[in-house]
Amino acid sequence: MDRFVTDAWYVAAESGDVGRAPLARTLLGRPVVLYRTGVGAPVALEDACPHKLAPLSGGTLRGDAIECGYHGLTFDPRGECVRAPGARTIPANACVPSLPAADHLGFVWVWTGDPAAAAPEKLPQVADYGRQGWTIGRGAPMRFAARWWLLAENLIDPAHTSFVHRSTVGGASGEDAPLRLERGSGDVCFGRWIEKSEPVPVMRTLGGVSGPVDRWQTYAFTAPQTGTVDFGAIAHGAPHTEAAMDAGFRIRTVMFITPETARSTRYYWFQMRNFAPGDDGVTASLLASYAHTFEEDRMLLEAIQTNEDALGVRRTVRLPIDAGGVRLARVMAALAASPAQRVPPREAA
Amino acid sequence: MDRFVTDAWYVAAESGDVGRAPLARTLLGRPVVLYRTGVGAPVALEDACPHKLAPLSGGTLRGDAIECGYHGLTFDPRGECVRAPGARTIPANACVPSLPAADHLGFVWVWTGDPAAAAPEKLPQVADYGRQGWTIGRGAPMRFAARWWLLAENLIDPAHTSFVHRSTVGGASGEDAPLRLERGSGDVCFGRWIEKSEPVPVMRTLGGVSGPVDRWQTYAFTAPQTGTVDFGAIAHGAPHTEAAMDAGFRIRTVMFITPETARSTRYYWFQMRNFAPGDDGVTASLLASYAHTFEEDRMLLEAIQTNEDALGVRRTVRLPIDAGGVRLARVMAALAASPAQRVPPREAA
Amino acid sequence: MDRFVTDAWYVAAESGDVGRAPLARTLLGRPVVLYRTGVGAPVALEDACPHKLAPLSGGTLRGDAIECGYHGLTFDPRGECVRAPGARTIPANACVPSLPAADHLGFVWVWTGDPAAAAPEKLPQVADYGRQGWTIGRGAPMRFAARWWLLAENLIDPAHTSFVHRSTVGGASGEDAPLRLERGSGDVCFGRWIEKSEPVPVMRTLGGVSGPVDRWQTYAFTAPQTGTVDFGAIAHGAPHTEAAMDAGFRIRTVMFITPETARSTRYYWFQMRNFAPGDDGVTASLLASYAHTFEEDRMLLEAIQTNEDALGVRRTVRLPIDAGGVRLARVMAALAASPAQRVPPREAA
């Protein structure tokens, strides 16, 4: 899984970071400039003036258009050149690719594939987002120096928790509990119940959970960018129903990955919990704890990237714990091979 | 324009920086050591001993010769080996390429092509250099992390001034004034008159110019390395003659570019002005102001280099303002294709 | 000489640095993890779990085995997987290459070639190591950003001493004394007597040597990794016998080179002397002095590597002083071409 899946929405930035000052980002290896029009609509253009390739992000907004800082060529939100100083007529090829952009879930999303295929209904949906009783905490975005697939695979992999995150959300008691592919949200849903277990540290410290519990880890992934980890515990012996789980200790963490270059990936996330509603101290503490686990992941995945580069190989030992990743790889490969999936034609270059 | 034009003189260093301590430079991708003989003549040799490739710049001068710091092989200014410790006879291939070198305009120039084609009369000439009434200010050399052509193109491009240098030598009022290719100095001469304009900031602050003026920007380039910007103003309505211009506010800035590697370029410059003669404060202020504009260029051209590398393309939108660059590209391409233009044969390697 | 000679023992670390905490190293371009079993035997495994390539050095020792920090796969010292959490049977290809390892001369050595060919008797032998009357000083390991052959060649090259190390062990009086290939220790033995010479600085300051001396420099190299420099002086006119040399001022420095990557090399060394027995001040002073000369070599060889990369060539001027290097290159080439010399087969990748 090295190819980018281009026909998709990806998070480009947090909504609050996109405004009337141009913001430069790299999405799927491509420089993109983000800004907002006068009425606040997000705009995404390739961050390279078609004249000499100067980054438009170094330019100046003129109303809803952006003026290049080199020679003043000015482009509207559709990427059409509306002014070329010193030219009576604007050359037909003086346009810059415009990428569909939308605000959603507190982020600015950009469609990186064929613009004709973009549609708001293809934006990832998050169940219960904004619903009464769920408190949302927003994590600080991260950057991993690792190829995007290493992150995707990690996000459909409950088994690593017992080892990588032993000191936080993990705990050795679960490492041999069987994992099951399930019908559920997303393209792949993979998880397990660990019955009659001790609560793991965060359950004790933030949720006040004690005594033997049945706890669950369910990892769902909607290709190509959205991972959800559903994590919680109920008293041992209680029924394993959604209603009971909602009444127990439950955290849903939603993570969006955005390929930046062939070897780096941006990572955006928030989480929703059903306990300690509105308690900012608990929110901060949970975010810090999860940020710590993501740092553990980051160090590990970057070390794997380094090893892949040094060895020039990728291993293929396959274990039962890989069932989620294997299924997800199949979904991703189908997406990447789809006829709709093609790099949008460039203007003459 | 990626090929280097090798059959040419390039600035290697400021004259004052070349002395009896070997100085290492890279010219057109090639390591070069510079030093002076006992009588002060500049010497340029490939900075690699033919024995094991140790840089000669790490060695020691022995009279007019330079001794390698690894095994003591010693080379005279023509690159002939005059001593090889431990050897009764000196191997015929123990010589190092010598490059013609000359002091000129306060710089040490090196001819990077076939030494047989080097001639002092091919050194760039600067009109009025040292003439009575002109005060010279010498700028600090710069290094751009951008390919040499991006600099050359920028130096035959008056149009960017209105946008890149808006706060210093630019000014929006000129951005639509027509540019004309002219007969004049250099291979290409491209410029414009902006009539009945406000004086731009430096004219007001350093030259005391006020009221509506006719101002000019003329960019000339002599391939492959010399740019001259002639910039000034006369009272609106005065005749546009050389004599009137010499009596007005006039600054000629002369810039020499030296390709260092495929993606980096050295930049040397000085300027000549006809006002505030000998006033060191004005000299310092003008140099600071121009250094600031060159910093603006540097940041822009390095960002373009980054975009070219990321996108793997170079755009071809052509505008009337590009006429100077288009003509210069043709001159450069002819130079690069010339039969005289060949990499000098290397000794056996 | 760019190929690695794989069928050999190389120093991987100082013995004291390998313990119960996994230690990551790179040998011949390959990541290796080092640790010790409960009884202290050194273990070397490829530092990449065969499951997802996570570095095992980020894992945890479990008795004599090492547990991967990603999913808990656990490998014994032979590289066999002894545990795979969540799997009923361990896949046959879940094993990691194990490299023979041994303690010797205060270092942990690793055999990087076909394990079947490893044998303790192939470990380099150092004459008089530990013998009465010789004081040993151990130098701090170094890393050179240069390909291994540049170091090997430097270690069979007495001639550079007069130039690179003029201020320490060198001295101009010897630079024209003839060098002779000799029968002696190692594959190549190359050296010279410099008769009726002044003692060089270290002889005067640490050995109290004065007056005219006959001094010797003998450089021996046992391919592919062991250099020995025998360096000393006796009174001018004394017989040139081993017994007389042992009675004079004598230092043997033993250096082991370990290719790390194609362009970096690790360097381990100690020295043995016959004067000032047990005097820690003299030991420290000598080590500091030699470390200084090795720094001189490091700067020089790294500059050569830079020049090789910039010029894309390697020169072939051959001088009489190169006789040792020429013979060593022939020995190395034969080793590298040997049928035994092959990269060990990898498991399915």
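(A residue counts as buried if 20 or more other C-beta atoms lie within 10 Å of its own, exposed if 12 or fewer, and partly exposed in between, with C-beta atoms placed from the backbone.) You'll find Ala92(A) in the loop between β8 and β9 of chain A.

Before going on, some ground rules. This is a predicted model, where local features need pLDDT of at least 70, side-chain atom pairs count only at pLDDT 80 or more, and totals for chains, interfaces and linings use all residues. Residues are numbered from 1 along each chain as its sequence is written, while chains are lettered from A and ligands numbered from 1 in the order in which they are written.

## A loop in chain A

Strand and helix names here are DSSP runs numbered from the N terminus: helices are H or I with at least four residues, and strands are E with at least two.

From Pro85(A) to Thr74(A), the C-alpha atoms are separated by 9.0 Å. From Ala92(A) to Cys81(A), the C-alpha separation is 8.8 Å.

## Two domains in one chain

Zoom out a bit, and chain A is divided into domain 1 (9–121) and domain 2 (126–337). Those bounds come from an automatic or database domain assignment. Taken over C-alpha atoms, the centres of the two domains are 34 Å apart. The contact between them takes ten residues from domain 1 and twelve residues from domain 2. (Two residues are in contact if their C-beta atoms, placed from the backbone, lie within 7 Å.)

Which elements build the domain 1 side? β1 (9–14) and β2 (23–27) of chain A each supply at least two residues there. β1(A) has the largest share, three residues. By class, that side has six nonpolar, three polar and one charged residues. (Ala, Val, Leu, Ile, Met, Phe, Trp, Tyr, Cys and Pro count as nonpolar, Asp, Glu, Lys and Arg as charged, and the others, Gly among them, as polar.)

## Chains meeting chains

Now for how the chains relate. A rotation of 120 degrees with 0.0 Å of shift along its axis superposes chain B on chain A, with an RMSD of 0.0 Å. That is the relation of a three-fold axis. In chain B, the C-alpha nearest the axis belongs to Asp309(B), 12 Å from it. Copies are superposed by least squares on the C-alpha atoms of residues with pLDDT of at least 70 in both.

Chain A goes onto chain C by a rotation of 120 degrees with 0.0 Å of shift, again with an RMSD of 0.0 Å. In chain A, the C-alpha nearest that axis is that of Asp309(A), 12 Å from it.

Where chains B and A touch, the contact takes 24 residues from chain B and 23 residues from chain A. On the chain B side, α2 (161–164) and α5 (280–311) each supply at least two residues. α5(B) gives the most, with seven residues. That side divides into 14 nonpolar, four polar and six charged residues.

The contact of chains A and C takes 24 residues from chain A and 22 residues from chain C. On the chain A side, α5(A) gives the most, with seven residues. By class, the chain A side has 14 nonpolar, four polar and six charged residues.

| Helix | Length | First to last C-alpha | Expected span |
|---|---|---|---|
| α5(C) (280–311) | 32 residues | 46 Å | 46 Å |
| α6(C) (323–337) | 15 residues | 21 Å | 21 Å |

In α6(C), the buried residues are Gly324(C), Gly325(C), Leu328(C) and Met332(C). Seen down the axis of α6(C), they fall within an arc of 85 degrees, so they line one face of the helix. (The arc is that of the directions from the helix axis to the C-beta atoms.) These buried residues pack against α1 (148–154), β14 (180–181), β15 (188–197) and β16 (213–222) of chain C.

As for α5(C), its buried residues include Leu286(C), Tyr290(C) and Phe294(C). Just after α5(C), Gly312(C) takes a positive phi of about 65 degrees.

Conventions:
Expected span 1.5 Å × (residues − 1).
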